[in-house]
Amino acid sequence: NPEEDFEVYVVNTHENPVDQQPTKVAGKLNRQTGVLEKEQSLVLNYQQLKSYHQGSAYRVLLNQPEDYTGYRYLKMYVHGPDNPENILFFLRLGADSSNYYEYHTTLHPGWDEQNEVNIDFDQITALKAYARNNRPSASVASIDTTAGPYRVKGNPTLTQIRWFSVGVVNMDTVYFQPVTGEVWVDEMRVTDARKEKGIAGS
């Protein structure tokens, strides 16, 4: 039987014509050459991913952490696999793999608008505050709570973002069959700058 495998690589519009960028991404025109600059997507390729197994990629900022309290949303385009059944996609951001905010969603084939990551920082920080305020006063256990598309693990803060992770999970709980496919992600960005930085929760 084929072995379980997970690969991460980049495709772009110049070297890989099959890379059809999201319709909302127009591409930047190089004014000197008159040629559109290449758009790149990160590819998560999973082969025979077993039930409840996950494959993920991460990035760590080695210099200064980023502060997102000056923005309302974080968004990203996601290209679903041809057969997205049983696949759950996630994006995590925080201080490290023990302290992060998570957005997760099921997927549809292609650059479907329903796949787009749309993290509302007000909502996800409110979930953290609710979990902290409603746990037993004597509890020393780390927070790990989920509501809707959001999850809060540990003690993340929007003022100290230095770790990012994207990945997929095989959620087949009926037949426990492995899955194979590709998920592409493109153009992660923060939007809707606040007039007064720091008024959001963290």
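Which residues make a nonpolar surface patch of about 380 Å²? The answer opens the first of these legends, after a short note on the model.

This is a predicted model, in which local features need pLDDT of at least 70 and side-chain atom pairs count only at pLDDT 80 or more, while totals for chains, interfaces and linings use all residues. Residues are numbered from 1 along each chain as its sequence is written, and side-chain values use heavy atoms, with hydrogens and water left out.

**View 1. A nonpolar surface patch is made by Tyr58, Val60 and Leu62.** Patches are made of residues with over 30% relative accessible area and no salt bridge, where like charges are joined within 9 Å and nonpolar side chains (Val, Leu, Ile, Met, Phe, Trp, Tyr) within 5 Å. Accessible areas come from the Shrake-Rupley method with a 1.4 Å probe, and for residues only the protein chains shown count as cover. Leu62 is placed in the loop between β3 (54-60) and β4 (71-79); helices (H or I, at least four residues) and strands (E, at least two) are DSSP runs, numbered from the N terminus. Leu62 counts as exposed because its relative accessibility is 77%, given that buried means under 20% relative accessible area, exposed over 50%, and partly exposed in between (1.4 Å probe, protein chains only).

**View 2. Five strands form an open sheet in the order β1-β2-β11-β4-β7, with antiparallel pairing.** The strands β1 (5-12) and β7 (117-120) stand at the edges with a single partner strand each, so one side of each has no neighbour in the sheet. The twist from one strand to the next averages 25°; two strands pair if DSSP finds at least two bridges between them. Between β1 and strand β2 (residues 40-49), which run antiparallel, there are eight bridges, and Asp5 has Gln47 in β2 as its bridge partner. Helix α1 (residues 121-133) lies across β4, β7 and β11 (179-193) and runs at about 60° to β7, where axes are lines fitted to C-alpha atoms, for helices over the stretch in contact, and angles run from 0 to 180 degrees between N-to-C directions.

**View 3. Another open sheet has six strands in the order β3-β10-β5-β6-β9-β8, again with antiparallel pairing.** Here β3 and β8 (144-147) stand at the edges, each with a single partner strand, so one side of each is left without a neighbour in the sheet. Neighbouring strands of this sheet are turned by 15° against each other on average, direction ignored. Strand β5 (residues 87-96) pairs with strand β10 (residues 163-170) in the antiparallel sense over eight bridges, and Phe90 stands opposite Gly167 in β10. Helix α1 packs on this sheet too, touching β6 (99-106), β8 and β9, and its direction makes about 50° with that of β9.

**View 4. Arg92, Glu102, Asp144, Arg151 and Lys153 are linked in a network of salt bridges.** A salt bridge is a side-chain nitrogen of Lys or Arg within 4 Å of a carboxyl oxygen of Asp or Glu, and by this rule the count comes to seven. One of them joins the side chains of Arg151 and Glu102 (3.3 Å, N to O); this pair links distant parts of the chain, with Arg151 in strand β9 and Glu102 in strand β6, 49 residues apart. Both Arg151 and Glu102 are buried. In another, the closest N and O atoms of Asp144 and Lys153 are 4.0 Å apart; Asp144 is partly exposed, with a relative accessible area of 44%.

**View 5. Lys153 lies in strand β9 (residues 150-153).** Lys153 counts as partly exposed because its relative accessibility is 24%. Leaving aside neighbours within four places in sequence, Lys153 is in contact (heavy atoms within 4.5 Å) with Ser97, Ser98, Asn99, Tyr100, Ile143 and Asp144. The C-alpha atoms of Lys153 and Asn99 are separated by 5.4 Å, although these residues are 54 residues apart along the chain.

**View 6. Asn86 has a phi near 75°, a positive value in a residue other than glycine.** Most residues other than glycine have a negative phi. Asn86 is placed in the loop between β4 and β5, and counts as partly exposed because its relative accessibility is 30%. A positive phi, near 55°, is also found for Asp192, which is in strand β11.
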